[in-house]
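Here is a short briefing on one helix and on a set of charged pairs. Take a look at the structure before reading on.

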Amino acid sequence: MDNAGFKVDLTYLKDVASGSDEFMIDMIDLFLDQTPAYFEQLEQFIIEENWSKVADIAHKIKPTLAFMGVDSARESMAEIEQNARNLINLETISPSFQILKEMSVQLYKQLAEVKASLQNPS
């Protein structure tokens, strides 16, 4: 997974919103509000090597990434979840998470830009 290929695709969200900018803004706000806290929890559980909690939080984050159309991040989160749940490839979890964490900064920025364009259509 590389940062260059990391792009938000809001096709699914637009479809669910049925053209409602207000709904899309609400969903983006919800994502921007909740996801950083989930990432903090996930990071803490990885440090503690609490693999069942890692799997649970990764499972919570996965659909929100799908909703925002970030498939590469969703796939990576699914892999973290499966590895933690099955107690396999545990040494890959922290490096994978660090990449996702770095990518999330870009994701939050992109979503803030989308939100701003929805609030102030030109």
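The notes below cover a helix and then the salt bridges. The model is predicted.

**Helix α2**
- Helix α2 runs over residues 21-48 and has 28 residues.
- From first C-alpha to last, α2 reaches 40 Å, close to the 40 Å expected at 1.5 Å a residue.
- The helix bends by about 25° at Gln34, and Pro36 follows within four residues.
- Just after α2, Glu49 takes a positive phi of about 55°.

**What α2 packs against**
- The buried residues of α2 include Met24, Phe31, Tyr38 and Phe45.
- Buried residues of α2 pack against α1, α3, α4 and α5.

**Salt bridges**
- How many salt bridges does a search of the whole structure find? The search finds six.
- Side chains of opposite charge can pair when their charged atoms come close.
- Glu43 and Lys101 meet in a salt bridge at 2.9 Å, N to O. Glu43 lies in α2 and Lys101 in α5, so this pair ties together parts that are 58 residues apart in sequence.
- Lys101 is partly exposed, at 33% relative accessible area.
- Arg85 and Asp56 form a salt bridge at 3.6 Å, N to O. Arg85 lies in α4 and Asp56 in α3, so the pair ties together parts 29 residues apart in sequence.
- Arg85 is partly exposed at 41% relative accessibility, and Asp56 is partly exposed at 38%.
- Asp56, Lys62, Glu81 and Arg85 are linked in a network of salt bridges.
- Glu75 and Arg74 also meet in a salt bridge, at 4.0 Å, N to O.

Notes: Residues numbered from 1 in each chain as written. Predicted model: local features only at pLDDT ≥ 70, side-chain atom pairs only at ≥ 80, totals over all residues. Heavy atoms only, no water. Helix = DSSP H or I, 4+ residues; strand = E, 2+ residues; numbered from the N terminus. Expected span 1.5 Å × (residues − 1). Bend = angle between axes of the 7 residues up to and from the residue. Buried < 20%, exposed > 50% of the residue type's maximum accessible area, 1.4 Å probe, protein only. Contact = heavy atoms within 4.5 Å. Salt bridge = Lys/Arg side-chain N within 4 Å of Asp/Glu carboxyl O.
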